[in-house]
Amino acid sequence: MKNAIKMEVRDHECDLAGGVNNAVYCNYLEHGRHKYIKSIGVDFAEYAKKKIGLIVVRLEIDFKYPLISGDEFTVETTMERYSKIRFQFNQQIRRIPDDKIILNAVVIGMAVNESNRPILPKEFDLILEAQSN
């Protein structure tokens, strides 16, 4: 299942060269992941209340083209199983209206309990299993 959200570059997100600062793209991707997991019935805040942390263990970004102030874009996100206890988000940022690929990202995540031990919540296991079939 793919989820796409629409966003717009704000002036303060740009560096002196006029493009979006590299660190800001991480915020865009994070927002996309949060919206994605909410779309599949997982509430990030509810997990935190249960003392289950959803964390990023690896982030790989291939930058293709810069965004500038005022650009509208989409953050597209899908998720798949990476290993027995880890999951992978595949993300892409595309500029509107020309659909130009701005970046491709792979984000490896996992869940940890309050003792910081890796776990795979039942909801994630069911979702990942359904998506692999």
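Helices here are DSSP runs of H or I with at least four residues, strands are runs of E with at least two, and both are numbered from the N terminus. The model is predicted.

**Helix α1**

Helix α1 covers residues 22-39. Its 18 residues, at 1.5 Å a residue, should span 26 Å, and the end C-alpha atoms are 26 Å apart, so the two agree. At the start of α1, Asn-21 places a side-chain oxygen within 2.8 Å of the backbone nitrogen of Ala-23. Just after the helix, Gly-41 has a positive phi of about 90°. The buried residues of α1 include Tyr-25, Tyr-28, Gly-32 and Tyr-36.

Leu-67 sits in the loop between β2 (53-63) and β3 (72-81). Is this residue buried or exposed? Leu-67 counts as buried because its relative accessible area is 0%, and the cut-off for buried is under 20%. Beyond four places in sequence, its contacts include Val-9, Val-20, Tyr-25, Tyr-28, Phe-73 and Ile-93.

The largest nonpolar core has 17 residues, and Leu-67 is one of those that touch the most other members, along with Val-20 and Val-75, among others. At least two residues of this core come from each of β1 (3-8), α1, β3 and β5 (101-112). Helix α1 gives the largest share, four residues. Another core, of 16 residues, lies apart from this one and includes Ile-37 and Phe-89.

**Distances**

| Atoms | Distance |
|---|---|
| Asn-21 side-chain oxygen to Ala-23 backbone nitrogen | within 2.8 Å |
| Leu-67 C-alpha to Tyr-25 C-alpha | 9.6 Å |
| End C-alpha atoms of α1 | 26 Å |

Leu-67 and Tyr-25 are 42 residues apart along the chain.

Note on methods. Residues numbered from 1 in each chain as written. Predicted model: local features only at pLDDT ≥ 70, side-chain atom pairs only at ≥ 80, totals over all residues. Heavy atoms only, no water. Expected span 1.5 Å × (residues − 1). Buried < 20%, exposed > 50% of the residue type's maximum accessible area, 1.4 Å probe, protein only. Polar contact = N/O pair within 3.5 Å; in protein donor to acceptor, adjacent residues only side chain to side chain. Contact = heavy atoms within 4.5 Å. Core = buried A, V, L, I, M, F, W, Y, C linked by side-chain atoms within 4.5 Å.
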